[in-house]
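Dear colleague,

I am handing over the structure below, together with a short account of what was found in it. Please read the account with the model open beside you.

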Amino acid sequence: MRIDILTLFPEMCEAFLSESIIGRARANGLVDIRCTNIRDFAGNKHNRVDDYPYGGGTGMVMQPGPIYDCYDAVTEHGARDCHLIYLTPQGMPLTQQRVRELAEMDDLVLLCGHYEGVDERVIEEIVDEQISIGDYVLTGGELPALVLADSISRMLPGVLANEEAYTEESLYGHLLEYPQYTRPPEWKGREVPEVLLSGDHGKVDRWRLEQSVARTLEQRPDLLEAAEASGELTKEEADILQALRSGEAHI
Ligand code: ADE
């Protein structure tokens, strides 16, 4: 898969994308992520890419020309068929389901906005989809684009060392993760739950499922309600939930 990021801050993006799991995935050719500077397409001697908003108001607006020319260069003047996503708080909220779907695509282009926004005409001309990473406002689209590139890349075959890391997650798709522990067995007077040291895999699995259900009920009851409504809960999960709700079980 190839992902192009169109940005005014390519170094900021590169700094993140060169490290850790994504850095390794790129080095191993598992994902091809390129950052292109929109300013290189300013087309004027001051390298300006923004201007005052028509109609007045505070802040500056990114001009359509440089963004379009940058997109046109990256897509090789239309020779490459790409899906362009504009990162904006006005977009649809990002979900793991959408991440999974996007990971099936071959060529994505992520457009990072800045200042007060982007001239609407270039959005109409080239944008296929608008995505928000949450109901809060950041200074630019770089962090959202990196969130998207990271969440998509980790779904690509071979990127995660341990394939289970995402098969298990999809198994428990509607539940939060259970708590994890490592050595030492006792730290600041807190002990690792005994069941995890028991070596009984059946009991460990059951305990983890109970923890996942309990945590989801406590922190994200909306996820459980949605899973119940769509019939996604397994019988075992539904039984644990019922026991927790009736006060029969305390986990
Ligand atoms: N740009 C600024 N804030 C954003 C957000 N929350 N999601 C996506 N893009 C953004």
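**Ligand surroundings**

A polar backbone atom of Leu138 lies 3.0 Å from a nitrogen atom of the ligand, and please keep in mind throughout that this is a predicted model. Taken alone, the ligand exposes 260 Å², of which the protein buries 96%.

As for its location, the ligand sits in the second largest pocket. The elements that give two or more residues to the shell around the ligand are strand S5 (83-93) and strand S7 (129-132), and of these S5 gives the most, with three residues. The residues around the ligand include Leu87, Thr88 and Pro89, as well as Ile131, Ser132, Tyr136, Val137, Gly140 and Pro144.

**Ile67**

Is Ile67 buried or exposed? Ile67 counts as buried because its relative accessible area is 0%, whereas the cut-off for that term is under 20%. Leaving aside its neighbours within four places in sequence, Ile67 is in contact with Ile38, Met62, Leu111, Val118, Val122 and Ile126. The C-alpha atom of Ile67 is separated by 25 Å from that of Asp135, a residue 68 places away along the chain.

With best regards

Methods: Residues are numbered from 1 along each chain as its sequence is written. This is a predicted model: local features need pLDDT of at least 70, side-chain atom pairs count only at pLDDT 80 or more; totals for chains, interfaces and linings use all residues. Side-chain values use heavy atoms; hydrogens and water are left out. Buried means under 20% relative accessible area, exposed over 50%, partly exposed in between (1.4 Å probe, protein chains only). Contact means heavy atoms within 4.5 Å. A residue is near a molecule or strand if one of its heavy atoms lies within 4 Å of it. A polar contact is a pair of N or O atoms within 3.5 Å; within protein, one must be able to donate a hydrogen and the other to accept it, and residues adjacent in sequence count only if both atoms are side-chain atoms. Accessible areas come from the Shrake-Rupley method with a 1.4 Å probe; for residues, only the protein chains shown count as cover. On a 1 Å grid over the protein atoms alone, a cavity is a set of points where a 1.4 Å probe fits but cannot get out, and a pocket is an open set with protein on both sides within 12 Å along at least five of seven lines; lining residues have an atom within 4 Å of a point. A molecule sits in a cavity or pocket if more than half of its atoms lie within 2 Å of its grid points. Helices (H or I, at least four residues) and strands (E, at least two) are DSSP runs, numbered from the N terminus.
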